[in-house]
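Please look over the sequence and the structure, then read the notes by topic.

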Amino acid sequence: MVYAANPAARAQGLHQGMAVSTAQARSPGISLHPATPDDDRAALHRLAQWCARTLCPLVAPAPPDGLLLDITGTDHLFGGEPAMLAHIASRFASAGIHLRAAIAPTVGAAHALARFAALNFICVSPAGLADALAPLPVAALRLPAASLDILAQLGFAHIGPLGQTARAPLARRLGAALLTRLDQAYGRIAEPINPLPDIAAPLVHKNFADPVLAPAAIAHALHALLAQLLALLTAQGLGATALTLTCTRSDATSQILPIGISSATTSTTHLSRLLRACITNIAPEPGIDRITLHAATQVLVRPASPSLLAPDTHTHTDLADLIDIVANRVKNAKIFRTLPTASDIPERAARNASPLARITTTWPPNLPRPTRLLSPPHPIDVLAALPDQPPAQFIWCRQRHRIIRADGPERIFGEWWINACETHAVRDYFQVEDQTGQRFWLFRRGDGTNHQTGDLSWYLHGFFA
């Protein structure tokens, strides 16, 4: 029997389950190879491990050709569900792997859409779940062949009409399995996945016959341990993102030294430099009996099987090396960069992120913002005419500022989807310049006419250069 057929074979009418003799008669020039289901399962397992390391932690193989990923709480790392789906598609395409994928609220719906939807890639929201499932064939419900034959005899070809049929007659004819699959697809009952177990992090250690105290002996041992650890990581295609150095002393006490790494690496030079810097922090008395080096966290930096996954495009930069040196030398150092976020509320429009984090959005270029923003905004006393006239003067820190130039208002509405209290909230912002040439960013709560939009109090929110 034909176990699998590539696109060229399928184009000639060959398909899974066809007798080999029939396939050879239809296409005499086809190339036949023995099926290797065990190798396929192993490759699927390796691919699931890659997904668990790089996409989301909860991944389960769905033999013979599927993967289930629970992306709850992880899609925002890629910019949302559609962006995550596009990222997965591009990675698989660059590795030469044909992929159909779907993001849906339920396991059953994702399975059905990935295999039977008209599009290769589809993202369905809970509100659109029923409409997305309706045109799919009943075979998408993962039913046994006998049940599919009975449904065909009864005239059911698609999930939509089947889902609208009375449940009791269906249960009598086909059993509870059909109703279970329908309920799982529509989310009426839960269908948990059985994810891969956590992968043990690489760990190496060295025991000493006699307790060691000399920094040179410790450095020599660390050099050997690092070589062993990097060999383990390289064999799995991994790069370390955090190391843990544990020194067990002869009095049964231990000293644990975490080593942070900003960018996944297998660089012997860089990691050796970080380990040498840690030696000065080791307190060896009364002597070290055992040293353990543990890759606490790791990510894939190149595929363990080159034919399975495309190489990661991430490269280790000199900036990452510098960040690691500073962060490990100055413990608890706050090293970050400020990135824009998608929000109209000024105090929410920026966030602190990793120094190497990628920029995924930009601030609007046509909306001037002050070089310094106050957090929180400072209340001020203002003399201004309602409803939309700029301030004539304001008092801040016991100083009176007379306004000679002003621009505005720029109206910003509350983000009701974040905070229900902001459903009617309004801020009117003004850029003003006082008699000394100082430029300020002021706002009034409320639109000046409707009391539900704000209490008409004024605030100083920032300073322009």
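Asp65 is exposed, with a relative accessible area of 58%; here exposed means over 50% relative accessible area, buried under 20%, and partly exposed in between (1.4 Å probe, protein chains only). This is a predicted model, in which local features need pLDDT of at least 70 and side-chain atom pairs count only at pLDDT 80 or more, while totals for chains, interfaces and linings use all residues. Residues are numbered from 1 along each chain as its sequence is written, and side-chain values use heavy atoms, with hydrogens and water left out.

**Salt bridges**

- Asp65 forms a salt bridge with Arg115, and their closest N and O atoms are 3.4 Å apart; a salt bridge is a side-chain nitrogen of Lys or Arg within 4 Å of a carboxyl oxygen of Asp or Glu.
- Arg115 belongs to helix H5, whereas Asp65 sits in the loop between strand S1 (58-62) and strand S2 (66-70), so the pair ties together parts that are 50 residues apart in sequence. Helices (H or I, at least four residues) and strands (E, at least two) are DSSP runs, numbered from the N terminus.
- Arg115 is partly exposed, at a relative accessible area of 32%.
- Glu410 and Arg369 also meet through their side chains in a salt bridge, 2.8 Å from N to O.
- This pair links distant parts of the chain, 41 residues apart: Glu410 is in strand S13 (residues 399-413) and Arg369 is in the loop between strand S10 (350-353) and S11.
- Arg369 is partly exposed, with a relative accessible area of 32%.
- Between Asp428 and Arg444 there is a salt bridge whose closest N and O atoms are 2.7 Å apart.
- Asp428 lies in strand S14 (residues 426-434) and Arg444 in strand S15, so far as sequence goes 16 residues apart, and the pair links distant parts of the chain.- Asp428 is buried, with a relative accessible area of 0%, and Arg444 counts as buried at 0% relative accessibility.
- The whole structure holds 14 salt bridges.

**Nonpolar cores**

- The largest nonpolar core has 29 residues, and those with the most contacts inside it are Leu243, Leu245, Ile288, Ile291 and Leu293. A nonpolar core is a set of buried Ala, Val, Leu, Ile, Met, Phe, Trp, Tyr and Cys residues joined through side-chain atoms within 4.5 Å.
- Two or more residues of this core come from each of strand S5 (203-212), helix H11 (215-235), strand S6 (238-249), strand S7 (254-265), helix H12 (268-279) and strand S8 (288-300).
- H11 gives the most to this core, with eight residues.
- Leaving aside residues up to four places away in sequence, Leu293 touches Pro202, Leu203, Val204, Leu225, Leu226, Leu229, Thr244, Leu245 and Leu275; contact means heavy atoms within 4.5 Å.
- A second, separate core has 27 residues, including Ile122, Val138, Leu141 and Tyr186.

**Helix H10**

- In helix H10 (residues 176-186), the buried residues are Leu178, Leu179, Leu182, Asp183, Gln184, Ala185 and Tyr186.
- These buried residues pack against helix H5 (107-116), helix H6 (129-133), helix H7 (145-154), helix H8 (159-163) and helix H9 (167-174).

**Strand S16 and its partners**

- Strand S16 (residues 458-464) is mostly covered, with seven of its seven residues buried.
- Strand S11 (residues 372-384) and S16 run antiparallel and are joined by five bridges; two strands pair if DSSP finds at least two bridges between them.
- Pro379 has Tyr459 in S16 as its bridge partner.
- S16 also pairs with strand S15 (residues 439-445) in the antiparallel sense, over six bridges.
- Opposite Phe443 stands Tyr459 in S16.

**Surface and distance**

- Leu319, Leu322, Val326 and Ile335 form a nonpolar patch on the surface, and together they have about 320 Å² of accessible area.
- Patches are made of residues with over 30% relative accessible area and no salt bridge, where like charges are joined within 9 Å and nonpolar side chains (Val, Leu, Ile, Met, Phe, Trp, Tyr) within 5 Å. Accessible areas come from the Shrake-Rupley method with a 1.4 Å probe, and for residues only the protein chains shown count as cover.
- Leu322, one of the patch residues, lies in helix H13 (residues 318-329) and counts as exposed at 51% relative accessibility.
- Arg172 lies in helix H9 and counts as exposed at 66% relative accessibility.
- Arg172 and Leu222 are 50 residues apart in sequence and, from C-alpha to C-alpha, 69 Å apart in space.
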